[in-house]
Amino acid sequence: MTNIVNCSLSESLVPSSFKQAIVRPLLKKPSLDREVFKNYRPVSNLPFLSKVLEKVVSSRLEHHIESNNLHENLQSAYRARHSTETALLRVHHDIVSALDKNSCVVLLMLDLSAAFDVIDHKTLLERLNYSFRVSDSALSWIESYLKDRTQRVAIGTKQSDDLRLQYGVPQGSVLGPKLYCMYSKPVGEICRRHKMLYHSYADDTQAYQVIKPEGDWDDLSDRLKACLSEISDWLDDFKYAETESGQNRAHRLC
């Protein structure tokens, strides 16, 4: 196992057999309608050894991010000593403190649909390079990890044909969630640009603002609209970003 992992890292190559996922749809909640497809979570079952390899890379990537202070400070997902509890405590503290001072709080709760499935691989690689300083053989390994992935759906003993994945990271993988958090870092930057308080946990973001009794509600309304509009534009950029030249596209999206 050690030889396989070391060989993969030294050659910046992920074996194709490690990138073949079997998806077994799991109902999100027992009370949901089983006939509605969106009520299922597409969890990918991957080879055990592929997860061992991902764990090694995830550990090294985390060390790189921590050492260079590249984390999004207000993202609580998939980080040591950060959890749903820390996210909840932060947002709850800010809101209660504001209410104790006779202020009001406007809260927007953003949840991206099928977030892990819409990641553009080219944009992700550019963000890793420009925003997180991942380069050379490390970037080549991640490119190999994303490239030529396939999945098939299994229900009982029946399996579908293989489908090649051009976007997204597999749910159920070790590395996928961390890559998503790095991919979505611009959401926090947009909130800061519009002077919004915020906190994120994976694809769930709470953007909020305290309004003092003498505060300007019109100004807040304009900033909320502008913030949401820019987040929407950032997401829409992926629809036509392929037409732009590499470096200009990378700087704008990353």
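This is a predicted model: local features need pLDDT of at least 70, side-chain atom pairs count only at pLDDT 80 or more; totals for chains, interfaces and linings use all residues.
Arginine 60 is found in helix α2, which covers residues 48–67, and with a relative accessibility of 53% this arginine counts as exposed. The protein has nine helices and eight strands, and of its 254 residues 41% count as buried. Along its principal axes, the C-alpha trace spans about 65 × 45 × 40 Å.

**Distances across the protein**

- Arginine 60 and valine 210 are 150 residues apart in sequence, and their C-alpha atoms are 39 Å apart in space.
- Serine 229, which lies in helix α8, counts as partly exposed at 37% relative accessibility.
- From C-alpha to C-alpha, serine 229 and tyrosine 201 are 21 Å apart in space, with a separation of 28 residues in sequence.

**The loop between α2 and α3**

- Glutamate 72 has its place in the loop between α2 and α3, the latter helix being residues 84–100, and glutamate 72 is buried, with a relative accessible area of 12%.
- The side chain of glutamate 72 makes a polar contact, at 3.2 Å, with the side chain of arginine 192.
- Tyrosine 78 also lies in the loop between α2 and α3, but this tyrosine is partly exposed, with a relative accessible area of 41%.

**Positive phi values**

- Most residues other than glycine have a negative phi, which gives a background for the two residues described next.
- The phi of tyrosine 78 is near 55°, a positive value in a residue other than glycine.
- Aspartate 148 has a phi near 60°, again a positive value in a residue other than glycine.
- The place of aspartate 148 is in the loop between α5, residues 136–146, and β4, and this aspartate is partly exposed, with a relative accessible area of 41%.

**Two enclosed helices**

- In helix α4, which covers residues 121–130, seven of the 10 residues are buried, so this helix is largely enclosed by the rest of the structure.
- The N-terminal end of α4 is capped by aspartate 120, which has a side-chain oxygen 3.3 Å from the backbone nitrogen of lysine 122.
- In helix α6, eight of the eight residues are buried, so α6 too is largely enclosed by the rest of the structure.
- The buried residues of α6 run from Gly176 through Pro177, Lys178, Leu179, Tyr180, Cys181 and Met182 to Tyr183.

**Aromatic rings and the charges over them**

- A search of the whole structure finds four aromatic pairs, and one of them is formed by tyrosine 183 and tryptophan 234, whose rings are tilted, with 6.3 Å from centre to centre and 55° between the planes.
- Tyrosine 183 lies in helix α6, residues 176–183, whereas tryptophan 234 lies in helix α8, residues 217–240, so the pair ties together parts that are 51 residues apart in sequence.
- Both members of this pair, tyrosine 183 and tryptophan 234, are buried.
- Lysine 185 lies over the face of phenylalanine 132, at 4.9 Å from the ring centre.

**The largest pocket**

- About 730 Å³ of space lies in the largest pocket, and its lining is made up of 23 residues, of which Lys28, Lys38, Tyr40, Arg41 and Pro42 lie nearest the centre of the pocket.
- Two or more residues of this lining are given by each of the elements β1 (20–27), β2 (40–45) and β4 (149–155).
- Strand β2 provides the largest share of the lining, namely three residues.
- Sorted by class, the lining of the largest pocket has 12 nonpolar, three polar and eight charged residues.

Key
Residues are numbered from 1 along each chain as its sequence is written. Side-chain values use heavy atoms; hydrogens and water are left out. Rings of Phe, Tyr and Trp (its six-membered ring) pair if their centres lie within 6.5 Å; planes under 30 degrees apart count as stacked, over 60 as edge-to-face and the rest as tilted. Helices (H or I, at least four residues) and strands (E, at least two) are DSSP runs, numbered from the N terminus. Buried means under 20% relative accessible area, exposed over 50%, partly exposed in between (1.4 Å probe, protein chains only). A charge sits over a ring if NZ of Lys or CZ of Arg is within 6 Å of the ring centre and within 35 degrees of the ring normal. On a 1 Å grid over the protein atoms alone, a cavity is a set of points where a 1.4 Å probe fits but cannot get out, and a pocket is an open set with protein on both sides within 12 Å along at least five of seven lines; lining residues have an atom within 4 Å of a point. Grid points are joined across faces, edges and corners, and a volume is the space filled by probe spheres set on the points. Ala, Val, Leu, Ile, Met, Phe, Trp, Tyr, Cys and Pro count as nonpolar, Asp, Glu, Lys and Arg as charged, and the others, Gly among them, as polar. A polar contact is a pair of N or O atoms within 3.5 Å; within protein, one must be able to donate a hydrogen and the other to accept it, and residues adjacent in sequence count only if both atoms are side-chain atoms.
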